[in-house]
There are 2 protein chains.
Amino acid sequence: MNQKPATISDVARAARVSTATVSRALSSPNLVSERTREAVLEAIRHTGYRVNLAARNLRMQRAGAILILVPNIGKPFYSGILAGISDGFAETDYAVLITDTESQPLKSGALAGFFSDGRVDGVISLDGGLHRNALRQCAEQGVAGRIVFLCEWVEAAEFPVVASDNAEGARLAIRHLHDLGHRKIAHVTGPEGNVLTVARRTGMLAERSRLRLAARDEWIIRGDFSLESGRDAAERILQMPERPTAVFCSADMVAFGLISRLQAGGVRVPEDISVVGFDDIEMSEYYVPALTTIRQDRHRLGRRAAELLISSLTHGAAPDPVSMFPVQLVIRDSTAPPPH
Amino acid sequence: MNQKPATISDVARAARVSTATVSRALSSPNLVSERTREAVLEAIRHTGYRVNLAARNLRMQRAGAILILVPNIGKPFYSGILAGISDGFAETDYAVLITDTESQPLKSGALAGFFSDGRVDGVISLDGGLHRNALRQCAEQGVAGRIVFLCEWVEAAEFPVVASDNAEGARLAIRHLHDLGHRKIAHVTGPEGNVLTVARRTGMLAERSRLRLAARDEWIIRGDFSLESGRDAAERILQMPERPTAVFCSADMVAFGLISRLQAGGVRVPEDISVVGFDDIEMSEYYVPALTTIRQDRHRLGRRAAELLISSLTHGAAPDPVSMFPVQLVIRDSTAPPPH
DNA sequence: GCAAAGATTGTAATCGATTTCATATGCCGA
DNA sequence: TCGGCATATGAAATCGATTACAATCTTTGC
């Protein structure tokens, strides 16, 4: 035990051939006679040889890994996405690295650095808050084609994006509330400067004015996709002289925080106030009340981003710069007609 | 643009020294005169050089990466743990790889393979269901010291373990319910064969008999840590002729599934039935009712496992084979005295 | 003033694979 | 029987770093 792993030379020696032949027997078997191929395979079995990826990657000038930038691994929203990405890379020999950009912010030059130190071949970023400079550096190094944005993106940057139709999601939410009879609808936004915040708020505002619904400034409440911001929004609402009858939240977690605080304040959901979330994370179905929300197909989004990246790594070009995925309204128990 | 990254030779040429000197200037500056060190640094700045990690790792006979085996990335429970692990590795130059053992089960020999193909230097496994064979292979290769179990573990295997005091957690839960006046306490277990299932159930049973509480076989309900299993358990309970007045769930997610279904069935929590969870995931505080549960310090667990692995990778030996972390009872709104 | 010790630096081997180029062999048709 | 071609294989260069060893130049002690 504790013996060093067998190398290609060990195999070559055992099979009485050169290392070149061993390599060929593995990567292009048709270049090798059947007899020697058998001998090589037997030697491999015997020695327990596995090709050393560091060596192979060095020689082949690739890193053999891709990196996922996640704003916060802790959020349940990302887990389904990560699973989808993993699935997408399952058949490849790429290793999947994950970095949390919140707990470990990228230092200046770090992103381009990942490429130039041979650590990664490609990047999937779930973080739309990357520095312009960092992206420019990547573009200058000619690795722009190896970066894919997922869910979030950077405005006016030339990287492929895989995302849900956020504006449509917001419209669906508002329309659903309108159909139930709601006319006074509030919205808890995401963090300022976030592209999703903008997309969802814009969609919400557009639909609200299209339907000629009441509009009050205080009904647009700033949040940040977190439970806490939902709770804070609830406190604001509890103190409003004229309360909305429904709230469209920019994320399910926000809705949970909101509902929890509303109920604690004696306001029932959905009897007194209806609530719609966004994302449809696993919990939403089991919340009390079960949450009406906008579903994003997280697994599919992740998978698609993986496929996109793989294809641009192997074929050099991204097939389509933007893929927008449909969202879906899932009606559960947190919405009902407004109190008359 | 699109130029290949600078190599050590480029730097050497620019600084008019040999590659050896460049390497030394970086790794052991005291071996190099100040003048040349300056020149080298200047050349590095000028060329934008970054050391190629594949090459360095190959030469230094290390992989530069560690692998985390997660049963299911999708579960919110793991996110805090992963963040803790990431933190633990933040100051090192190890890359952190993550694999989901549920969506992509390890093939036979895969674990040992990760080591022998130079892909990883160490492993943190959150999966206690690894095959004995896989572990034996690792031991035979002499890499046993580079595997750390976290939260879960494999019974009778000689690897270091970082985990919470699960039995104590179960005892705390039962004692709390007993203190509130409950005498008929049910338990939804984890999946059969899981070490956590055993630890928590054992602790629960021990405390129950110590306190001389009522015991009925049907009050031990098999689950699997999931929302769905909580829902199923609730359905069983709703049909019991003699219902328990309290339920201790083996995970918060189970508790959510359970409460959601109980309420739908007209049983109020905590007025009719009290519920205690296990884990204290972020959501628990914001559930309705806020969940009484056993807190595990997930971030700290993750961090500790990372530190343990790092230390055994650098110093060769694990300081202490088992570290058991204390748990904590967090009392919220899902528990109350039983209906008289 | 000279040998020994110390400080710097360069040359070349090495890590473990892949791949180019050259060589050896066998088979074919003329 | 011999040139030509396809097939099978090996020798050696290469990827980009680190490091053992050797070489040179300074400094120090007596």
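Colleague: What conventions apply here?

Modeller: In this predicted model, local features need pLDDT of at least 70 and side-chain atom pairs count only at pLDDT 80 or more, while totals for chains, interfaces and linings use all residues. Residues are numbered from 1 along each chain as its sequence is written, and chains are lettered from A and ligands numbered from 1 in the order in which they are written.

Colleague: Which residues of α3(A) are buried?

Modeller: An α-helix has 3.6 residues a turn, so residues three or four places apart point the same way. A residue is buried if 20 or more other C-beta atoms (placed from the backbone) lie within 10 Å of its own, exposed if 12 or fewer, and partly exposed in between. In α3(A), the buried residues are Ala39(A), Val40(A), Ala43(A) and Ile44(A). They lie on the same side of α3(A), because they cover an arc of only 135° around the axis, taken from the directions from the helix axis to the C-beta atoms. Glu34(A), Arg35(A) and Arg45(A), on the other side, are exposed.

Colleague: What follows just after α3(A)?

Modeller: Gly48(A), with a positive phi of about 70°.

Colleague: Which residues come nearest to DNA strand D?

Modeller: A residue is near a strand if its C-beta atom, placed from the backbone, lies within 6 Å of it. Of the 27 residues around DNA strand D, the nearest are Thr7(B), Ile8(B), Ala20(B), Ser23(B) and Asn52(B). The largest share of this surface, six residues, comes from α2(B).

Conventions
Helix = DSSP H or I, 4+ residues; strand = E, 2+ residues; numbered from the N terminus.
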